[in-house]
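Here's a quick walk through one protein model, helix by helix and ring by ring. Have a look at the sequence and structure first.

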Amino acid sequence: IEVKGACDAETARLQVADAVKRTFDFSPQVQVLQRGTLANEFERSLKAARKSPKTVHGYTDAARRFARFLVDHGMPTGVADVERRHVEAWVIDQVERHAPATAAGRYRYLQQFWRWVVAEGERDTSPMANMSPPKLPVRPVPVFEATELRALLSTTSGTTFDDRRDHAVIRLFMATGMRLGEMAGLTTESLARDEQAVLVVGRGD
């Protein structure tokens, strides 16, 4: 095990502990289906494809949760032995124990894991083939009333820089419906003053 660079004893200890964990991680939660390093291989593949850290975490977390479920419920963990009914049992567990959006998200993440398994030649078909994700309940998004918007704008009626900035931010939210992250990513180069337009970059990898 290599300790990188000059460092104190605590830093060296942490580097060694991390290397040992990555090399000898035999936790049942990481033993995704029969092959002890399958989840780690999946994670490396995602990172090599330059997926965002959030995507990498979501995909691998779902795979490891599924593996933990199989172990806890005495279900087969061999990569070729998992069947649709085992996945369905896990989906039911997720729906019953978590918010609908969380369960649906983990379903989609686990789909990606099985697609990767098939692409790697570990099995011919995915046990999730022809399955449908759990339905999300329709929840109307609450919107501001006109009086509430006027009250909000009135808080920025001053002439200071902060007032004018906040007023512009609120107006942009009202006019475009952009997300908070999209608003935070705006720069002066995003503004096309002559066209009275703004360039918004959406989320994604």
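How far does helix α5 reach from its first C-alpha to its last?

## The helix at the centre of this report

This is a predicted model, and in it α5 runs over residues 100-119. Its 20 residues reach 29 Å from first C-alpha to last, close to the 28 Å expected at 1.5 Å a residue. After the helix comes Gly121, with a positive phi near 80 degrees.

Quite a few α5 residues are buried, including Ala103, Ala104, Gly105, Arg106 and Tyr107. Further along, Leu110, Gln111, Phe113, Trp114, Trp116 and Val117 are buried too. As for what covers the buried residues, the list includes α2 (38-48), α3 (53-72) and α4 (84-97).

## α2 across α5

Let's take α2 next. The axes of α2 and α5 are 11 Å apart, and the two helices pack at about 95 degrees. That angle makes α2 roughly perpendicular to α5. On the α2 side, the contact is made by Leu38, Glu41, Phe42 and Ser45; α5 brings in Gln112, Phe113, Trp116 and Val117. Sorted by class, that's 5 nonpolar, 2 polar and 1 charged residues.

## Aromatic rings

How many aromatic pairs does a search of the whole structure find? It turns up 8. Take Phe66 and Trp114: their ring centres are 6.3 Å apart and their planes sit at 80 degrees, so this pair is edge-to-face. Phe66 belongs to helix α3 and Trp114 to helix α5, so the pair ties together parts 48 residues apart in sequence. Buried or exposed? Phe66 counts as buried, at 1% relative accessibility, and Trp114 counts as buried at 0%.

There's a wider picture here as well. Phe42, Tyr59, Phe66, Trp90, Tyr109, Phe113, Trp114 and Trp116 form one aromatic cluster. Two of these names, Phe42 and Phe113, also turned up in the contact of α2 with α5.

## Trp90 and its surroundings

Trp90, a member of that aromatic cluster, is found in helix α4. With a relative accessible area of 1%, Trp90 is buried. Which residues does Trp90 contact, leaving aside its neighbours within four places in sequence? They are Ala62, Arg65, Phe66, Phe69, Arg106, Tyr107 and Leu110. Among these, Arg106, Tyr107 and Leu110 are buried residues of α5.

His73 is another residue to check against Trp90: the two are 17 residues apart in sequence, and their C-alpha atoms are 9.8 Å apart in space.

## Two loop residues with positive phi

Most residues other than glycine have a negative phi, which makes a couple of spots worth a look. Arg50 has a positive phi near 60 degrees. Arg50 sits in the loop between α2 and α3 and counts as exposed, at 71% relative accessibility.

Asn130 isn't a glycine either, yet its phi is positive, about 70 degrees. Asn130 lies in the loop between α5 and α6 (146-154). At a relative accessible area of 73%, Asn130 is exposed.

## The whole protein

Stepping back, the protein has 8 helices and 2 strands. Along the sequence, these follow the pattern α-α-α-α-α-α-α-α-β-β. Of the 205 residues in the protein, 28% are buried. As for contacts with a separation of 6 or more, 48% of them are between residues 24 or more positions apart.

Key
Residues numbered from 1 in each chain as written. Predicted model: local features only at pLDDT ≥ 70, side-chain atom pairs only at ≥ 80, totals over all residues. Heavy atoms only, no water. Helix = DSSP H or I, 4+ residues; strand = E, 2+ residues; numbered from the N terminus. Expected span 1.5 Å × (residues − 1). Buried < 20%, exposed > 50% of the residue type's maximum accessible area, 1.4 Å probe, protein only. Contact = heavy atoms within 4.5 Å. Axes fitted to C-alpha atoms, helices over the stretch in contact; angles between N-to-C directions. Parallel < 35°, antiparallel > 145°, perpendicular 65-115°, else oblique. Nonpolar A, V, L, I, M, F, W, Y, C, P; charged D, E, K, R; others polar. Phe/Tyr/Trp six-rings, centres within 6.5 Å; stacked < 30°, edge-to-face > 60°.
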